[in-house]
Amino acid sequence: MSDKTKRLYFFRILCVLWMTVIFVFSSRNGEVSSNDSGQILLFFQNFFSVPGDKLSETVVYAATFVIRKSAHIFEYFVLGVLVSGSLYSNNPHKKSVLTAFVLCVLYRASDEIHQLFVPGRSGMVRDVFINSIGIALGVFIYRVIISTISKRKNVIE
């Protein structure tokens, strides 16, 4: 088996595993998901020594929103990298960048539809757009790294 084929299988297996992780997190009901965000907020409050009674409801809501969206952006950043690796390993063309982005956005849209059926969760078009930031960053970063590696190989040869 060639290195190219091994790389392709490696990325595709990681894609499926990561999509499974995303699906499992999306399957958790709203209360469990909110508790996770609350725990992260509590960690930051303790880390920065901010007493809980000093935070207004607006600040807590905003901080929770930022934590949740940052986690989602990271999830889809990773997916963007993995899908890019999966496609680029097989077909190293610029079209693979657009294809990776579109596939990830479609997966995100399907995940929002899935959340419509999870108690306490909602599917929102806004979330697809917000997470597209992570997807775009993941696809872009992967492409930059691959371009840099290719240029270095050409310089060395």
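A nonpolar core is here a set of buried Ala, Val, Leu, Ile, Met, Phe, Trp, Tyr and Cys residues joined through side-chain atoms within 4.5 Å. The views below all show a predicted model.

View 1. In the predicted model, the largest nonpolar core holds 17 residues, and Tyr76, Leu79 and Val83 are the ones that touch the most other members. The elements that contribute two or more residues to this core are helix H1 (3-27), H3, H4 and H5, with H3 giving the most, namely 7 residues. In soluble globular proteins, nonpolar side chains tend to be buried together.

View 2. The protein is made up of 5 helices and 0 strands, so that, by the DSSP runs used to assign elements, the order from the N terminus on reads α-α-α-α-α. Of its 157 residues, 32% count as buried. The mean pLDDT of the protein is 83, and 79% of the residues reach 70 or more. Among the elements, the lowest mean pLDDT, 68, belongs to helix H2 (residues 30-47), whereas H4 has the highest, 92.

**View 3. The salt bridge between Lys69 and Asp127.** A search of the whole structure finds 4 salt bridges, and in one of them the side chains of Lys69 and Asp127 meet with an N to O distance of 2.8 Å. Lys69 lies in helix H3 and Asp127 in helix H5, so this pair ties together parts of the protein that are 58 residues apart in sequence. Lys69 and Asp127 are both buried.

View 4. Through salt bridges that share partners, Lys69, Arg126 and Asp127 are joined into one network.

**View 5. The salt bridge between Asp111 and Arg108 within helix H4.** The side chains of Asp111 and Arg108 meet in a salt bridge with an N to O distance of 2.5 Å. Because Asp111 and Arg108 are 3 residues apart in helix H4, about one helical turn separates them. Both Asp111 and Arg108 are buried, as was also the case for Lys69 and Asp127.

View 6. Rolling a probe the size of a water molecule over the atoms shows where empty space is left. In this model the count comes to 1 cavity of 30 Å³ or more, and about 30 Å³ of space lies in the largest cavity. The residues that line the largest cavity are Ser84, Tyr88, Ser96, Val97, Ala100, Tyr142 and Arg143. Helix H3 (57-90), helix H4 (95-115) and helix H5 (125-156) each supply at least two residues of this lining, and the largest share, 3 residues, comes from H4. By class, the lining of the largest cavity comprises 4 nonpolar, 2 polar and 1 charged residues.

Methods. Residues numbered from 1 in each chain as written. Predicted model: local features only at pLDDT ≥ 70, side-chain atom pairs only at ≥ 80, totals over all residues. Heavy atoms only, no water. 1 Å grid on protein atoms, 1.4 Å probe; cavity = no way out; pocket = protein on both sides within 12 Å on 5 of 7 lines; lining within 4 Å. Points joined across faces, edges and corners; volume = space filled by probe spheres on them. Helix = DSSP H or I, 4+ residues; strand = E, 2+ residues; numbered from the N terminus. Nonpolar A, V, L, I, M, F, W, Y, C, P; charged D, E, K, R; others polar. Buried < 20%, exposed > 50% of the residue type's maximum accessible area, 1.4 Å probe, protein only. pLDDT = per-residue confidence, 0-100.
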